[in-house]
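Subject: Structure handover

Hello,

Please find the structure below. My notes on it follow.

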Amino acid sequence: MKIIYSERHRLHHGEREMYRGQLVPCFEKPERAQFVYDAVKERKVGEILEPKEFPVSAIERVHAPRYIRFLEQAWDLWTAQGYTNDALPAVWSIRGHRDDIEPENFSGKLGLYSYDSGTPLMAGTWAAVKTGADIALTAQELVTGGERAAFALSRPPGHHAGRDFMGGYCFVNNAAVAAQGFRDHGAERVVVLDVDYHHGNGTQSIFYERSDVMFLSIHGDPRTEYPFFLGHANEIGNGEGVGYNKNYPLAAGSSNALWFDALGDAVRRINDYRADALVISLGVDTFADDPISKFQLREPEYRKLGAQLAALKLPTVFVLEGGYAVAEIGHNVAHVLQGFEDAG
Ligand SMILES: NCCCNCCCCCC(O)(O)C(F)(F)F
Ligand SMILES: [Zn+2]
């Protein structure tokens with residue numbers, strides 16, 4: 001399958017994130033994409049292409065223009081006050097506060113458009129993020145054009161980013177941008193299946209009221225696992241979207257058997273939905289040796305995942321999300337993609 005990649009991801013290299021009351025080095029770092037690139041190249045998974053450039057309006061199909069304007073201008077606003085370090089939020093709008101008025105104060109803006117202090121914004125963040133969305137749209141365009149599948153090797157990740165907020169290392173929701181791209185280019189029904197260890201709260205919230213994009217996610221139970229505040233099994237969609245959202249929260253430490261029971265149910269629902277296209281939020285922090293996550297998947301499971309996704313026989317875009325066992329992340333991603341290709 002074709003792989004879309006750009007060195008411009010390196011423009012985003014946050015220094016530190018707030019973790020258990022201390023500023024620690026960022027887990028989401030450029031080496032992650034480098035290791036994935038090296039592994040898919042070494043294993044000859046497919047041709048590696050640069051992304052095409054798309055208008056920012058393609059991002060605004062799923063993100064609020066006022067949020068995107070903020071992302072574009074944030075670094076200049078921050079440095080205009082004399083700061084040179086990464087920007088991290090420290091005050092947020094929450095229950096009972098208003099969010100219809102954007103504060104003039106930068107810290108207020110940053111808090112309005114974020115939900116955690118793990119997502120540093122720096123000089124090259126917007127450029128890297130825009131390229132990440134271009135990578136996802138290039139993959140979608142290739143698949144719409146007839147490729148069976150494509151892999152968007154993008155960073156930073158996206159599935160925690162909602163219509164108008166960043167968080168969980170995410171700024172623009174690459175998977176949601178790709179899903180909407182499919183919808184805007186002939187697909188009537190699109191599925192986003194999120195197999196990252198963490199619930200795709202951003203993706204869920206973007207499509208929650210819609211029946212044309214079905215969202216399913218297998219993840220660590222939010223009662224104990226990040227992002228904590230969304231991802232429960234009783235979240236089934238709203239309005240038009242009722243029945244088109246499906247969460248499979250699994251207890252930290254769950255067995256691979258449980259994980260694949262959930263995948264089996266998700267596959268059944270996807271088949272019943274008669275989708276025209278499939279977007280996979282491919283996080284490999286489900287890896288047994290991942291430093292911040294608690295599932296047990298290893299190579300055999302990743303190959304099996306790829307094969308089961310291939311059996312859906314849908315035009316498919318894989319979008320890179322999480323995975324923090326940096327040395328193994330590339331191999332784990334390659335195992336999914338090769339499992340998919342070998343089952344073709
Ligand atoms: N005590 C809990 C700290 C958790 N820190 C944030 C974890 C973010 C996970 C990000 C991800 O892996 O879901 C993504 F795919 F977006 F990269
Ligand atoms: Zn994750």
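Cys26 is buried, at a relative accessible area of 10%. Buried here means under 20% relative accessible area; exposed means over 50%, and partly exposed lies in between (1.4 Å probe, protein chains only). Cys170 is buried too, with a relative accessible area of 0%.

This is a predicted model, in which local features need pLDDT of at least 70 and side-chain atom pairs count only at pLDDT 80 or more, while totals for chains, interfaces and linings use all residues. Residues are numbered from 1 along each chain as its sequence is written, chains are lettered from A and ligands numbered from 1 in the order in which they are written, and side-chain values use heavy atoms, with hydrogens and water left out.

On confidence: pLDDT is the predictor's confidence in each residue, from 0 to 100. The chain averages 98, and 100% of the residues score at least 70. For the complex, the predictor gives an ipTM of 0.97 and a pTM of 0.98.

Back to the cysteines. How many disulfides does the structure hold? It has zero, taking a disulfide as a pair of cysteine sulfur atoms within 2.5 Å. For Cys26, the nearest cysteine sulfur is that of Cys170, 13 Å away.

Next, the metal. Asp196 (OD), His198 (ND1) and Asp285 (OD) coordinate the zinc ion (ligand 2), at 1.9 to 2.1 Å. Donors are N, O and S atoms within 2.8 Å of the metal (3.2 Å for Na, K and Ca); water is not among the atoms, so the site may look incomplete. The donor residues follow the spacing D-x1-H-x86-D in sequence. Asp196 and His198 are both buried.

Then ligand 1. Around it sit 14 residues, each with a heavy atom within 4 Å. The closest are His159, His160, Asp285, Gly322 and Tyr324. Taken alone, ligand 1 exposes 460 Å², and the protein buries 87% of that (Shrake-Rupley method, 1.4 Å probe).

Best wishes
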